[in-house]
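Open the model in your viewer and keep the sequence panel beside it. Each stop below says what to select and what is there.

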Amino acid sequence: MAEGLILAARGSLEQRVEALEQEGYVFFPGVLSGEEVAELRCAIDRLEARPEEYDRHTNPETHGFLNKSINNVFNRDSVFLSFLDRPDVIDVVEAAHGPDCHVIGMTAWMTGPGRPDQGIHVDWQPLELPEDVMDDPRVEVPVYISTVHYYLDDLYEALGPTQFIPGSHRAGRVPATGESAWRGVEPRSIICSAGDAVLFRCEVWHRGTANTSDRVRYLLQVHYAQRMITQKFPPYLNRFRFDPVILSRATDRQRRLLGEHVQGNYD
Ligand SMILES: O=C(O)CCC(=O)C(=O)O
Ligand SMILES: [Fe+2]
């Protein structure tokens, strides 16, 4: 069984940003109340896949397991709006990506029994650098993209927790196929409680693991980036439309995170 990920809560903003930069992830215990977790799970149950928005919904009968992933759920139900800028989490995100950062996606995800292990991967490798360059303490690669996972279950090994290899963003490269450790550090499972969250940078090596339980795992992912990195709101060629009722409920900060920027370079 994989060793558990060290889930140290960091007390200050500086410590949280440092953990994201140095370890590749930062843990936020108890961000959501039990009621919020229950409300989100119900909202996720209600969502229906729209293929033109690149949603997926496969069933055990046809594909061996349930896999429902719905994109940009901030545009589906106003219950998701507050996940654009949860207190504490958003402070770390803005410190890492800059005060003009934005959301590039928000995915609600249900993974059912039979979901297999993912391969160890990075979500994006912004640049590749030789290991000896990465080892030089003067080299600090900016955090270009990060993702926060809001876990909506009490995690245990059989439910298929996410695994991270702490520090592996400093590899300066993507893992080779089948490569399952970096410098002797094995993937560690995030065994946390419903309502906890983890924010991680895109180049940390990680994976989702097999669901060998008889239950469905519920997860909300929010993806953030520096403003210069494009938002991913399909359907493309300007066919994505914000829901006017939901948008009318968004705060100024939430609107900026959704892309309402002041004019800048290239605008
Ligand atoms: O399912 C998970 O816990 C992680 C998923 C993931 O890393 C991905 O799909 O890129
Ligand atoms: Fe991933």
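**The whole chain**

Start with everything selected: of the contacts in the chain with a separation of 6 or more, 82% are between residues 24 or more positions apart. Two residues are in contact if their C-beta atoms, placed from the backbone, lie within 7 Å. This is a predicted model, in which local features need pLDDT of at least 70 and side-chain atom pairs count only at pLDDT 80 or more, while totals for chains, interfaces and linings use all residues. Residues are numbered from 1 along each chain as its sequence is written, and chains are lettered from A and ligands numbered from 1 in the order in which they are written.

Display the chain as a cartoon to see 7 helices and 10 strands. These are DSSP runs numbered from the N terminus: helices are H or I with at least four residues, strands E with at least two. The C-alpha atoms fill a box of roughly 50 × 50 × 35 Å along the principal axes. A compact globule of 267 residues would have a radius of gyration near 18 Å, and the chain agrees with 18 Å. That radius is taken over C-alpha atoms, and the globule rule is 2.2 Å times the number of residues to the power 0.38.

**The core**

Buried residues make up 37% of the 267 residues. A residue is buried if 20 or more other C-beta atoms lie within 10 Å of its own, exposed if 12 or fewer, and partly exposed in between, with C-beta atoms placed from the backbone.

Next select Tyr25, Leu152 and Leu199, the residues with the most contacts inside the largest nonpolar core, which has 62 residues. A nonpolar core is a set of buried Ala, Val, Leu, Ile, Met, Phe, Trp, Tyr and Cys residues joined through C-beta atoms within 7 Å. Among the elements that give two or more residues to this core are β1 (25-28), α2 (34-46), α4 (89-97) and β10 (217-225).

Which residues does Tyr25 touch, not counting those up to four places away in sequence? They are Ala19, Leu20, Phe164, Val198, Leu199, Phe200 and Val204.

Select α2. Its buried residues are Val37, Leu40 and Ile44. Seen down the axis of α2, they fall within an arc of 65 degrees, so they line one face of the helix; the arc is that of the directions from the helix axis to the C-beta atoms. These buried residues pack against β4 and β10. On the other side of α2, Gly34, Glu35, Cys42, Asp45 and Arg46 are exposed.

Move to α4, where Val89, Ile90, Val92, Val93, Ala96 and His97 are buried. Here the arc is 160 degrees, so the buried residues of α4 line one face of the helix. Their cover includes α1 (13-22), β1, β5, β8 and β10. After α4 comes Gly98, whose phi is positive, near 105 degrees.

Select β7, β6 and β9, which form an open antiparallel sheet in the order β7-β6-β9. β7 (188-189) and β9 (206-208) stand at the edges with a single partner strand each, so one side of each has no neighbour in the sheet. Strands pair if DSSP finds at least two bridges between them; β6 (residues 162-164) and β9 are joined by 3.

**Last stop**

Finish at His57 in strand β2 (residues 56-58). His57 is partly exposed, with 16 other C-beta atoms within 10 Å.
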